Amino acid sequence: MPTSPDQQTVTDQLTAANSRYAAKFTDPGMDAQPVLNVAVVACMDARLDLHAALGLRLGDCHTIRNAGGVVTDDVIRSLTISQRALGTRSIVLIHHTGCGLLDLTEEFRHELELEVGQRPAWAVEAFKDLDQDVRQSIQKVRTSPFLPHTDDVRGFVFDVRTGLLREIDPESGQER
């Protein structure tokens with residue numbers, strides 16, 4: 001149902017922007033296989049402009065995002081499809097400073113249960129230590145039996161104030 005211009009929802013604004021985009025759109029002639037054969041797993045935080053921060057262009061990578069950039073079963077599912085069906089070989093994991101999951105606990109699930117009368121089936125996957133969670137994420141990817149290409153898996157923390165990536169050494173617990 002259309003709304004008056006002064007009552008436009010955010011979704012109305014987005015679909016209007018899409019109409020303007022589509023009017024100038026030309027098919028780039030790409031397929032679903034990323035040009036750089038890389039998949040990037042990152043947090044959904046709106047402050048992370050991954051393409052700009054990594055110098056990526058349309059078609060360069062698969063981007064998988066969720067709260068915290070956590071390697072969940074669904075991320076493994078997406079990475080498996082990315083590798084086995086679409087040819088990616090490298091995986092980049094990116095967490096970031098100031099992440100909202102640093103302040104949450106599993107208590108969030110219990111609060112939801114009290115509010116809505118049903119406990120979520122999913123875990124919050126909150127963490128207190130960014131570097132340790134990156135190391136854990138690297139380990140989850142490297143040990144997944146579904147992923148055939150785990151020799152080029154690297155993890156980073158993106159600083160939202162400086163825009164710089166800091167690489168995490170998965171073995172020593174020190175940054176690279």
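Is C61 buried or exposed? C61 is buried, at a relative accessible area of 13%. Here buried means under 20% relative accessible area, exposed means over 50%, and partly exposed lies in between (1.4 Å probe, protein chains only).

The model is predicted: local features need pLDDT of at least 70, side-chain atom pairs count only at pLDDT 80 or more, and totals for chains, interfaces and linings use all residues. Residues are numbered from 1 along each chain as its sequence is written, and side-chain values use heavy atoms, with hydrogens and water left out.

**View 1**
The whole structure was searched, and zero disulfides were found. A disulfide is a pair of cysteine sulfur atoms within 2.5 Å. C61 is in no disulfide; its nearest cysteine sulfur belongs to C43, 16 Å away. The sulfur of C99 has its closest cysteine sulfur in C43, at 4.2 Å, which is too far for a bond. C99 is buried, at 3% relative accessibility.

**View 1**
Strands (E, at least two residues) and helices (H or I, at least four) are DSSP runs, numbered from the N terminus. Two strands pair if DSSP finds at least two bridges between them.

**View 1. Strand β4 and its two pairings.**
β3 and β4 pair in the parallel sense, over six bridges. In this pairing, V92 has R154 of β4 as its bridge partner. β4 and β5 pair in the antiparallel sense, over four bridges. Here V157 stands opposite R166 in β5. The hairpin of β4 and β5 has six residues between the strands, and G163 in the hairpin takes a positive phi near 80°. Strands of a sheet pair through backbone hydrogen bonds, either parallel or antiparallel.

Contact means heavy atoms within 4.5 Å.

**View 2. Helix α5 from end to end.**
α5 (residues 130-142) has 13 residues. From first C-alpha to last, α5 reaches 18 Å, close to the 18 Å expected at 1.5 Å a residue. That expected span is 1.5 Å times one less than the number of residues. The buried residues of α5 include L130, D133, V134, S137 and V141. Among the elements that cover the buried residues of α5 are α3 (73-86), β3 (90-96), β4 (153-158) and β5 (165-168). D129 caps the N-terminal end of α5, with a side-chain oxygen 3.0 Å from the backbone nitrogen of D131.

**View 3. H95 and its surroundings.**
H95 lies in strand β3. H95 is buried, at 1% relative accessibility. The side chain of H95 makes a polar contact with the side chain of D133, at 2.7 Å. A polar contact is a pair of N or O atoms within 3.5 Å; within protein, one must be able to donate a hydrogen and the other to accept it, and residues adjacent in sequence count only if both atoms are side-chain atoms. Leaving aside residues up to four places away in sequence, H95 touches residues including G68, G69, F127, L130, F156 and F158.

**View 4. Positive phi in two loops.**
N37 is found in the loop between α1 (10-24) and β1. The phi of N37 is near 55°, a positive value in a residue other than glycine. N37 is partly exposed, with a relative accessible area of 26%. E125 is found in the loop between α4 (107-116) and α5. E125 is not a glycine, yet has a positive phi of about 65°. E125 is partly exposed, at 28% relative accessibility.

**View 5. Q13 in helix α1.**
Q13 lies in helix α1. Q13 is partly exposed, with a relative accessible area of 41%. Q13 and K24 are 11 residues apart in sequence and 17 Å apart in space, C-alpha to C-alpha.
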